[in-house]
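Let's take a walk through this model together, starting with its pockets and moving on to the ligand and the backbone.

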Amino acid sequence: MFPSALPVPRLPERKAIPSLRWGIIGPGWIADHFANALKQHSDQQLIAVCGRRAEKVRAFAERWDIAHTFTQAEDLLSLRDLDAVYIATPHNHHFPDGMQALRAGKHVLIEKPLALNAAEAAALQAAARAADRLCMEAMWCDFTPKYDVLRQLLADGALGDLHTLIADHGEFFTAEHRIFNPELAGGPMLDLGSYLVAFSIMIGGAPETIIARGEPAPGGVNGQTSMLFTHAQGLHSVLNTTLFSNTPGRATLAGRDATLVLDGQFYAPGNFTLTSSQGNHVLRWEEPANRYSQLAHEAEHFAWCIGQGMTDSPIRSLATSLLTLTTMDEARRQMGIVFNEERPPRTA
Ligand SMILES: NC(=O)c1ccc[n+]([C@@H]2O[C@H](COP(=O)([O-])OP(=O)(O)OC[C@H]3O[C@@H](n4cnc5c(N)ncnc54)[C@H](OP(=O)(O)O)[C@@H]3O)[C@@H](O)[C@H]2O)c1
């Protein structure tokens with residue numbers, strides 16, 4: 001049945017969101033957007049920041065009015081009144097930084113991807129259980145109003161039997177960007193690709209089969225990946241991610257009864273259109289593409305979980321993050337992509 005109207009997004013009630021005292025590790029590009037979003041759009045408090053270079057840390061703290069600055073994570077983690085840590089370091093630092101925060105007894109929100117691979121993610125899951133602390137991947141799109149509307153449409157079966165998901169995420173990067181750096185687990189998979197794989201799993205569940213092909217970039221990392229997943233009930237996901245060019249970043253999800261087209265970039269705030277298969281009914285979601293202000297939703301959901309006494313998110317559970325990484329591990333295995341941390345140590 002084609003819906004008469006789009007579902008209303010379900011966000012936590014303001015009064016059910018405790019105001020946490022946050023520390024940030026990795027005051028880089030996304031941390032700046034995160035701090036801005038928290039300051040502008042939430043009641044969350046930023047009380048500490050830690051980075052490698054004292055001058056940069058101080059400038060970050062001044063910009064966002066943060067009281068405590070550190071260049072060693074252990075010093076930040078020893079702050080007694082710190083409730084939660086946001087980790088915004090490069091991919092291959094998420095696991096060691098996350099483990100350190102959990103072992104210090106802090107709740108931890110880790111930038112996507114949660115870790116380099118499923119083995120690291122499983123170790124984080126075990127550490128979170130042992131510490132009885134919340135550990136959540138900052139897959140920020142999952143907590144936005146648009147994604148909640150999508151989840152409700154899917155749960156209601158508004159599209160009928162699902163057959164085809166086609167999505168892309170290509171961005172042009174200059175050669176000096178960390179994404180081309182093999183020392184920082186570069187390549188599109190953990191960065192742009194994680195949005196595609198997470199979206200496909202949100203819609204179709206764990207892939208039953210995976211086919212992946214890649215193209216190398218100069219410098220040794222993967223530069224482009226195309227994936228075909230088959231899921232239960234005959235859904236196919238056709239996904240492409242590249243560091244070589246800008247692509248529309250659109251996603252199309254076609255069901256027997258209706259087709260959903262998310263404007264690029266599909267995971268970010270923006271418009272989508274749901275059209276019945278006969279073409280006689282159309283519903284449209286419209287919102288400003290105010291991408292980074294919506295980072296506040298992930299922090300508010302995280303704080304809400306803590307307020308509810310939860311140690312795993314009902315929206316982005318660690319099991320879901322693990323499944324995303326298991327899928328990316330298999331795609332990488334087929335393409336022969338191995339991160340430095342996964343290589344056996346050299347012997348003399
Ligand atoms: N949610 C989103 O929309 C979004 C968008 C972009 C990125 N991300 C994720 O956020 C993470 C950080 O990305 P970013 O673009 O913010 O990166 P970035 O600007 O390079 O910032 C990385 C931060 O980590 C620190 N760092 C610690 N150890 C490092 C090392 N060995 N090499 C380089 N930097 C190191 C950097 O230190 P210094 O301060 O000393 O330079 C910097 O503060 C990535 O995992 C990425 O996937 C998420």
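**Pockets, ligand and backbone**

Of the elements that line the largest pocket, α4 gives the largest share, with four residues. Helices here are DSSP runs of H or I with at least four residues, strands are runs of E with at least two, and both are numbered from the N terminus. Before going further, please keep in mind that this is a predicted model, in which local features need pLDDT of at least 70 and side-chain atom pairs count only at pLDDT 80 or more, while totals for chains, interfaces and linings use all residues. Residues are numbered from 1 along each chain as its sequence is written, and side-chain values use heavy atoms, with hydrogens and water left out.

Back to the largest pocket, whose volume is about 1,100 Å³. A pocket is found on a 1 Å grid over the protein atoms alone: it is an open set of points where a 1.4 Å probe fits, with protein on both sides within 12 Å along at least five of seven lines, and its lining residues have an atom within 4 Å of a point. Points are joined across faces, edges and corners, and the volume is the space filled by probe spheres set on them. The lining counts 36 residues, and Trp29, Ala88, Thr89, Pro90 and Arg178 lie nearest the centre. At least two lining residues come from each of α1 (29–41), α4 (91–103) and α7 (192–204). By class, the lining holds 16 nonpolar, nine polar and 11 charged residues; Ala, Val, Leu, Ile, Met, Phe, Trp, Tyr, Cys and Pro count as nonpolar, Asp, Glu, Lys and Arg as charged, and the others, Gly among them, as polar.

What takes up the space of the largest pocket? The ligand does, where sitting in a pocket means that more than half of a molecule's atoms lie within 2 Å of the grid points. Around the ligand are 21 residues, the closest being Trp29, Ile30, Arg53, Lys56 and Lys112; a residue belongs here if one of its heavy atoms lies within 4 Å. In this shell, α1 and α4 each supply at least two residues, and the largest share, three residues, is from α4. The shell divides into eight nonpolar, six polar and seven charged residues.

A polar backbone atom of glycine 28 is 3.2 Å from a ligand oxygen. For tryptophan 29, a backbone N or O atom lies 2.9 Å from an oxygen of the ligand, and for isoleucine 30 the distance from such a backbone atom to a ligand oxygen is 2.9 Å. Taken alone, the ligand exposes 900 Å², of which the protein buries 86%; these areas come from the Shrake-Rupley method with a 1.4 Å probe.

Finally, a few backbone details deserve a look. Most residues other than glycine have a negative phi, and most peptide bonds are trans. The bond from lysine 112 to proline 113, however, is cis, with omega near -5°, and proline 113 is in the loop between β5 (107–111) and α5 (118–131). Glycine 264 and glutamine 265 are also joined by a cis peptide bond, with omega about -5°; glutamine 265 is in the loop between β12 (258–262) and β13 (272–276). Aspartate 65, although not a glycine, has a positive phi of about 55°, and this aspartate 65 is found in the loop between α2 (54–64) and β3 (68–70).

Technical notes. A polar contact is a pair of N or O atoms within 3.5 Å; within protein, one must be able to donate a hydrogen and the other to accept it, and residues adjacent in sequence count only if both atoms are side-chain atoms.
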